[in-house]
Amino acid sequence: MSPESQDATRSGEPREAANSPDTSGGSARRSAADAARRALPGGVPGPPRRAAPGLLAAIGRDPLAAAIGLYREYGDRVRIPIPGHPLFLLSHPAHAEHVFVSRQDNYRKAATYKPLRIFLGDGLVTSEGALWERQRRLIQPLFGYRRVSALQPVMVRNTEKTLAEWERLPDGRLVDASEAMSLLTLNIVGEALFGADLTRPGARISSSVTGMQDFAVTAMRNPLLLPAPMLGLRTTPGYRRWRATVRAIDEVVERLTAERRAAPAREDERDLMDALLNARYEDGGQISDRQLRDEVVTFLMAGHETSATTLTWALYLLAAHPSARERLEAEVDAELGGAPPSVADLDRLPWTKAVLSEAMRLYPPFWTLERNAVEDDEVDGVPIPAGSTVAVPPYLVHRHPEAWDNPEGFSPERFLPGGGAERHRHAFIPFGSGRRGCVGNTFALIETAVALAMIAQRFRLDLVPGGVPKLQPTVTLRPLGGLRMVLRRR
Ligand code: HEM
C-alpha cells in the first residue's frame, strides 16, 4: 500500500472503489522523476517493442489498469509500441493544455472514436471540420447560463419524480443507484432538450446506451476495425445484440422527431429540437433527417450517462465518507430549509458542489480523451509523428502528483472557494477543454447540484456490506454491474 493510501485509511476514511488503482504511490512519484531523467535525449520512455502483444491484450482486458501501469512504470510521457500506429500516453496537466488548447488545430478526434461514430453518426461529439463548426454554432447558444438556468424546473420536477418513487419503498430497500441516476438524467435531457416524456421508454434507452458502450469498447479491441470498419464490427462478438440495440434507440428517436416534425413549427425556439428543426444554414438548406437523428442520439447519450455517472459516484463517496455526508446534509438543511434549490441557491451550497467536483476528479466520466495528430508535433520534449494517437486520460491528469496532494484521497475541501489558486489550469478537466470541450457543462453542473441537494434533503443511501464497486472503464467510467445501495429516509 502506498504512503498516501495508508494515511487515508488511518484518518478513518475508507479507500475508494475496490479496484481503484493507485496512481499516487511513492513509486509513481519516483518513476515520474526517473522517467524525466530517462526520457530525453535517449528517447521517449515506454515498453520495448517485444512487449506489444502482451500490452495490447492488457489494454483489451482493462484499459484503465493498463494506462495506470504504464504511468507508474514510465511516468507521465509514455510511448506505447503498437506496430504501425504510434500511441502516446500523456498525463501531465501541461500536456492536456497543449493537446486540447494551444495546439488544438493539430489534433482531431482519434480513430478510437470510430465505433462510437458508427452509432452516433455525425452528431456534435463525433463530427469534425465544417460540419462540426456549423452545428456547434447552432447549438452552443442553447447551453449558455441563462438558457440552462431556465431549465431548473425541469431538473427539479424530474428529481422529485425519482424521490416520490423512493418514498413508496420501505426503509432499508436496496436500490440500484446507478440505474436510478441514469433514468433520472435521461428524463431530464428528454424533457429539457426535446420536450419528450421518456419515462416509459427510459429503461430501454438506458440499457441501449449501456449495450452500445459495451459494444463500442469490445469493438475497439478488434484489430480489423481500423482497416475495415464494417468487417471489424461484424466479426466482433455481440454484433447482433448491438444491432438490436441500435434499432431500439433509433425507433425511439424516430418517434420523437416525427412527433415534433408533425407539430406546428414554434418560432421561439424553446428547446434543442426547435433549434435543430428551425435551422437555416448559410446555403439556405435545412437539417437532413440523418443529421437530426445523429444529434438527437448524441445528446440523449452524451447528455445523460455522464451526469448519471457523476451523481452515482458522488452518492458512493458520500456513503463511504459519513462526515462529508453529514456536512452536505447540514448545508442543504441550513440553506434550503426543505425547498428545492433555485439556481441562485446553488451559490450557497459550496460543499455540495465541491463533493461533485471531487467525484468527477476521482472518477471522471470520460476517463480518457484521445486525439490523432494531423502533423508532426512535439509535446514536452516528446516527438509526436503525424497520424499517431495521443491519449490524455483525465483519470491520470486528475491524480498528477505535481498538481494534487494526496491524489487518491477523497477531499472535497480542495474545491471550496479560494482553494486551488496555484493549481495548473488544466489539472482538472472533467469536461475536456478547448473548442471541443463539453457544450453541456453548465447544464451538467446545475443538474447534478440540484439533484444531489434534493436527494440529500430526504434520503441517505448506504453501501451494502462488501458493496464497494469495481470500476468499469468503457466509454464512461461506471461502477461494474451498477451500484446497489440501501435506501433510508433521513
Ligand atoms: C458531468 C457531466 C458531463 C461530463 C463529465 C462531460 C464531459 C465531456 C467531455 C470530457 C467532453 C469532450 C470530449 C472530448 O474532448 O473528446 C464532452 C463533450 C460533449 N458533451 Fe459533455 N459532459 C457532461 C455532460 C453533458 C451534458 C449534460 C450534455 C448535454 C446536455 C453534454 C453534451 C456534450 C456534447 C454534445 C459534447 C461534444 C462537444 C463538441 O465536440 O463540440 N455533456 N463532454
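Colleague: How much space lies in the second largest pocket?

Modeller: Rolling a probe the size of a water molecule over the atoms shows where empty space is left. Here about 450 Å³ lies in the second largest pocket. On a 1 Å grid over the protein atoms alone, a pocket is an open set of points with protein on both sides within 12 Å along at least five of seven lines, while a cavity is a set where a 1.4 Å probe fits but cannot get out. Points join across faces, edges and corners, and the volume is the space filled by probe spheres set on them. This is a predicted model, so local features need pLDDT of at least 70 and side-chain atom pairs count only at pLDDT 80 or more, though totals for chains, interfaces and linings use all residues. Residues are numbered from 1 along each chain as its sequence is written, and side-chain values use heavy atoms, without hydrogens and water.

Colleague: Which residues of its lining lie nearest the centre of this pocket?

Modeller: Lining residues have an atom within 4 Å of a point. The second largest pocket has 22 of them, and Lys353, Ala354, Ser357, Met360 and Leu445 lie nearest its centre. Helices α18 (350–362) and α20 (441–458) each give two or more residues. α18 gives the most, six. Helices (H or I, at least four residues) and strands (E, at least two) are DSSP runs, numbered from the N terminus.

Colleague: How does the lining of this pocket divide by class?

Modeller: Into 16 nonpolar, four polar and two charged residues. Ala, Val, Leu, Ile, Met, Phe, Trp, Tyr, Cys and Pro count as nonpolar, Asp, Glu, Lys and Arg as charged, the others, Gly among them, as polar.

Colleague: What lies nearest the centre of the largest cavity?

Modeller: Val125, Ala302, Phe366, Cys438 and Val439, out of 37 lining residues. About 650 Å³ of space lies in this cavity. α20 supplies the largest share of the lining, four residues. Cys438 sits in the loop between α19 (394–397) and α20. Its SG is the single protein donor to the ligand's iron atom, 2.3 Å away. Donors are N, O and S atoms within 2.8 Å of the metal (3.2 Å for Na, K and Ca); water is not among the atoms, so sites may look incomplete.

Colleague: In what order do the strands of the open sheet run?

Modeller: Strands of a sheet pair through backbone hydrogen bonds, either parallel or antiparallel. Pairing needs at least two DSSP bridges between two strands. Here the order is β1-β2-β8-β5-β3, with mixed pairing. β1 (77–80) and β3 (107–109) each have a single partner strand, so one side of each lacks a neighbour in the sheet. β3 pairs with β5 (369–373) in the antiparallel sense over three bridges. Tyr107 has Ala373 in β5 as its bridge partner.
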